[in-house]
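Here is a short report on a helix packing and a set of charged pairs. Please read it alongside the coordinates.

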Amino acid sequence: MNPLEEFMYRQGYTKEEIEIVRKAYLYAEKMHDKQLRLSGEPYIIHPLNVAMILVEMHVDVDTICAGLLHDTLEDTKATKLELVSEFNISVANLVDGVTKLAKMNFSSVEAANLANIRKIITGITEDIRIIIIKLADRLHNMRTLQYQKREKQREIAYETMQLYAPLAHRIGAYHIKNELEDLSLKYLKPEEYQKTLEQYVEIQEESRPCLYEMLNKIHDALNDQEIPNTIKTRIKNVYGIYKYESQGKKISEIHDLLVIKVIVEMVDECYRALGHIHRMYHPLNERFKDYICNPKTNLYQSLHTTVFGEDERLVQAQIRTYDMNRIASYGLVAYWDSKEEIRKNLQSKLREKYQFLPSLVELDKMFGDNKEFVTQVGHELFSDSVFVYTTKGEVIELPKGSTPIDFAYKIHTDVGNQMIRAIVNDEYVPFNYQLKDYDRVKIITANRNNKPDPIWEEWAKTSYAKKKVRDYYRKQNG
Ligand code: MN
């Protein structure tokens, strides 16, 4: 067994599945024969590692095969037709999709590159697995970036920070996002990275006794209550610490610097575990979050509570089920290896669930110009967000600086057009009010025949709302 097969076996893939992947491996090895990486190793090392990352994410077998084959169309004499006959149409389409995204360059402003970025961004609305493969490809390239020339390193790292880390965050793949961020910082700002890394190691050393003691105490307490559990500890990633400090904040102010992850089997055990932890360690009341009943818009679920831990240190406890934990590490792709019928519907489910996908589709329709499109995605999807509540408690995500106008049009065009009052936290607000996190927003609409004020176009933050206001008058005049 090669390391990939062994890893698949350990991760619970079936014999048949491992057999299919072996065939893809041998095919890729044959195709890339005699090619070398910059490191001097045989080229197959790269697709093999990409496949390992994908296996760790629990993706389906077609995606693992496509990961092994992802460079064959571009760099070898393999053809799409051959991939169809050797494997299947789905594998061939995935490889083709990844190939079309290749050879792009985010740091340059050339038209061709912008067109490519656009393809990457809109690609996730077609088959999100293409982006997953691309993320795994990028992660391995970042891990082996030391072999590239200085200039190339910076280019790739910049693109990773601008495009791939936010994408990983968008789909809720925190594990991958954190590593991509750290590796990018390492090449973009080597000195700052080194300095922060030293701090990171220091924090790790001095917090170890505290975290270890808490881990053991919580573990024992939950075992006493017959709540089966796995507990892990972690500290914030290097980039996370760097970002905090660069905003002029002190390390001691980071409420999730030290984290204890408590993983249990059932949802109700999450709440029971929370109760036990609060009885052992006083919670900081204002830092409790229930992301189980109110999932984040990237579908992340967990209970968060910051407690006064051992040694008077603040420690954030994150309590979730094993299923939720897989999603938190790798995004909803973690569900791909489950039942076939679930898999079939996944793309449409993702469309429904990820709030950013419809926004992407809208932006794609709206901007003919690639540069405008890319800029707008940067402003609206990859920048900071505010999270507000509807009156029913549903969480709506909007770019920072959004107003009730953006909220109303995000709910429905008619709600926007018919809006006569906006109420935030039970008080009337002007339509150019800037929404804040946790605002409860209620829009009062007229029965009919209301029209949006043309000034709204200026007051709205999102291109979507602006366009809706414009459209209204265009329709009236046309
Ligand atoms: Mn590659």
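This is a predicted model: local features need pLDDT of at least 70, side-chain atom pairs count only at pLDDT 80 or more; totals for chains, interfaces and linings use all residues.

**Helix pair α3 and α4**

Helix α3 spans residues 45–56. Helix α4 spans residues 61–69. The two pack at an angle of about 160°, and their axes lie 7 Å apart. Angles over 145 degrees count as roughly antiparallel, and α3 and α4 are therefore roughly antiparallel to each other. The crossing of α3 past α4 is right-handed.

Which residues of α3 meet α4? On the α3 side they are P47, L48, V50, A51, L54 and V55. Their partners in α4 are T63, I64, G67 and L68. By class, this contact has eight nonpolar residues and two polar ones. No charged residues take part in the contact of α3 with α4.

**Salt bridges**

Side chains of opposite charge can pair when their charged atoms come close. How many salt bridges does a search of the whole structure find? The search gives 21. Three of them are set out here.

| Pair | Closest N and O atoms |
|---|---|
| K217 and E310 | 3.0 Å |
| K236 and D256 | 3.1 Å |
| D471 and K467 | 3.0 Å |

Take K217 and E310, which form a salt bridge. This pair links distant parts of the chain, 93 residues apart. K217 sits in helix α12 (residues 190–224). E310 sits in the loop between β4 (303–308) and β5 (314–321). K217 has 38% relative accessibility, so K217 counts as partly exposed. E310 has 13%, so E310 counts as buried.

Next come K236 and D256, also joined by a salt bridge. They too link distant parts of the chain, at 20 residues apart. K236 lies in the loop between β1 (229–235) and α13 (238–246). D256 lies in the loop between α13 and β2 (258–264). Are these two residues buried or exposed? K236 is buried, because its relative accessible area is 16%. D256 is buried as well, with a relative accessible area of 14%.

D471 is at 16% relative accessibility and so counts as buried. K467 is at 27% and so counts as partly exposed.

Salt bridges can also share partners, and here they join E5, E19 and R22 into one network.

Conventions:
Residues are numbered from 1 along each chain as its sequence is written. Side-chain values use heavy atoms; hydrogens and water are left out. Axes are lines fitted to C-alpha atoms, for helices over the stretch in contact, and angles run from 0 to 180 degrees between N-to-C directions. Helices (H or I, at least four residues) and strands (E, at least two) are DSSP runs, numbered from the N terminus. Angles under 35 degrees count as roughly parallel, over 145 as roughly antiparallel, 65 to 115 as roughly perpendicular and the rest as oblique. A crossing is left-handed if the near helix is turned anticlockwise from the far one by less than a right angle, and right-handed if clockwise. Contact means heavy atoms within 4.5 Å. Ala, Val, Leu, Ile, Met, Phe, Trp, Tyr, Cys and Pro count as nonpolar, Asp, Glu, Lys and Arg as charged, and the others, Gly among them, as polar. A salt bridge is a side-chain nitrogen of Lys or Arg within 4 Å of a carboxyl oxygen of Asp or Glu. Buried means under 20% relative accessible area, exposed over 50%, partly exposed in between (1.4 Å probe, protein chains only).
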